[in-house]
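These are my notebook entries on one protein chain. I record here what I looked up, entry by entry.

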Amino acid sequence: MKIRGEWMEFPVKKDWAGISLQQMLREKMKAPKTLVHKWRMDREVKVNDADPNWTSPLIEKDSVMIRLFQDEEFDITPEYMELDLLFEDEHFLIINKPAGMDTHPNDPGQTGTLANGIAFHFQMQGMSRKIRHIHRLDHDTSGAIVFAKHALSHAILDRLLEERLIKRTYTAIVQGKMKQKKGQIDQPIGKDRHHPVRRRVSPGGQPALTHFKTEDYNTRFDVSLVKLQLDTGRTHQIRVHLSHIGYPISGDDLYGGNKNLIDRQALHASEITVMHPFTDEKVTVSADFPDDMKRLIIKLEF
């Protein structure tokens with residue numbers, strides 16, 4: 001795979017030979033139908049440096065080029081901020097989000113979000129791109145979060161997330177001593193009709209599955225250190241599930257936690273593993289704890 005200006009170039013793999021370009025893009029690369037249609041209408045795919053026959057069989061080692069890296073209008077105001085970059089290449093990036101920051105604007109013109117900082121980062125690299133988040137973290141949750149850098153990467157990473165091929169590990173400090181060393185919480189989550197923001201376990205909600213493992217326990221403060229992994233990505237999923245089984249996250253007063261030890265939910269996306277959308281390599285990164293959780297972990301001797 002090579003980058004040639006605005007184009008990505010790659011050879012046809014052995015198991016792609018004999019199928020049409022249309023099939024290869026849709027079935028092998030999993031490009032969305034609308035995106036393939038745009039490429040076709042805008043002549044943004046070439047085979048062997050020429051406009052292709054979209055229905056003719058491809059031959060092994062044919063050279064396919066897709067125009068992926070053209071400029072787009074910024075949909076978010078660029079704003080300078082220090083970014084803790086954990087990984088970046090031409091296709092996606094992973095950033096350690098601070099607590100107390102939205103992932104993206106919730107209203108037109110909003111600034112101060114991670115997406116505003118990424119827009120500025122792109123601008124400093126001479127790129128004008130839309131900001132495409134693959135998942136989100138709550139305002140007061142810190143840690144690793146993935147953004148795509150072009151439309152095809154966005155589509156593939158979205159599918160990998162849906163197929164549970166992006167593994168997200170969270171670290172939380174919860175109130176109480178968890179009875180189980182490890183287990184899972186398989187409870188649907190829906191909106192709380194009595195509160196505009198809060199979610200709750202609800203029989204009519206969306207399926208939600210959280211795996212947990214207890215790492216340590218502090219007797220003096222009666223709190224546990226827990227690692228969690230998500231199979232789904234519902235709003236406030238970890239916070240709702242832990243509160244539901246009787247172990248609210250320390251600092252999370254929305255779901256029954258108290259602020260005796262920390263002023264916000266002690267929840268951090270500490271590690272993420274992403275299957276690279278084009279190389280099939282596993283990209284695993286760890287995100288350092290923010291200062292407030294570092295101090296708390298030291299205080300609790302975890």
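The entries below go from the whole chain to single residues.

**Entry 1: the model and the whole chain.** I noted at the outset that this is a predicted model. I then looked up the secondary structure and found six helices and 16 strands in the protein chain. For the overall dimensions, I recorded that the C-alpha atoms fill a box of roughly 70 × 40 × 40 Å along the principal axes. The chain has 302 residues, and 49% of them count as buried. I also looked at contacts with a separation of 6 or more: residues 24 or more positions apart account for 65% of these.

**Entry 2: surface and charge.** The accessible surface of the chain comes to about 15200 Å². Carbon and sulfur atoms make up 46% of this surface. I found 44 positive and 43 negative side chains, and the centres of the two sets lie 6 Å apart.

Entry 3: I consulted the UniProt record, an unreviewed entry, which lists residues 91–244 as "domain: Pseudouridine synthase RsuA/RluA-like". Over this range I read 20% helix and 35% strand.

**Entry 4: strand β14 and its partners.** Is strand β14 largely enclosed or open? I found that six of its eight residues, within 223–230, are buried, so the strand is largely enclosed by the rest of the structure. I next looked up its pairing. Strand β9, residues 166–175, pairs with β14 in the antiparallel sense over seven bridges. Strand β13, residues 209–218, pairs with β14 over eight bridges, again in the antiparallel sense. K227 of β14 is the bridge partner of T171, and K227 is also the bridge partner of K213. I then examined the hairpin of β13 and β14, which has four residues between the strands. In this hairpin, D222 takes a positive phi near 55 degrees.

**Entry 5: residue D216.** I located D216 in strand β13. What is D216 in contact with, leaving aside its neighbours within four places in sequence? I listed V223, S224, L225, E301 and F302. I also noted that D216 and V226 are ten residues apart along the chain, with their C-alpha atoms separated by 7.3 Å.

**Entry 6: helix α5.** This helix covers residues 237–244, and six of its eight residues are buried, so I recorded α5 as largely enclosed by the rest of the structure. The buried residues are Q237, I238, R239, V240, H241 and L242. G246 follows α5 and has a positive phi, near 95 degrees.

**Entry 7: two loop residues with positive phi.** I looked up R43, which lies in the loop between α2 (33–41) and β3 (45–47). R43 has a positive phi of about 55 degrees although it is not a glycine. Is R43 buried or exposed? Its relative accessibility is 55%, and the cut-off for exposed is over 50%, so R43 counts as exposed. I then turned to N48, in the loop between β3 and β4 (63–67). The phi of N48 is near 55 degrees, a positive value in a residue other than glycine. At 45% relative accessibility, N48 counts as partly exposed.

Methods. Residues numbered from 1 in each chain as written. Predicted model: local features only at pLDDT ≥ 70, side-chain atom pairs only at ≥ 80, totals over all residues. Heavy atoms only, no water. UniProt positions renumbered as here; feature names shortened; annotations may be inferred. Buried < 20%, exposed > 50% of the residue type's maximum accessible area, 1.4 Å probe, protein only. Pairing = 2+ DSSP bridges. Contact = heavy atoms within 4.5 Å. Areas by Shrake-Rupley, 256 points an atom, 1.4 Å probe, with all protein chains shown as cover. Lys, Arg positive; Asp, Glu negative; His and termini not counted. Charge placed at Lys NZ, Arg CZ, Asp CG, Glu CD.
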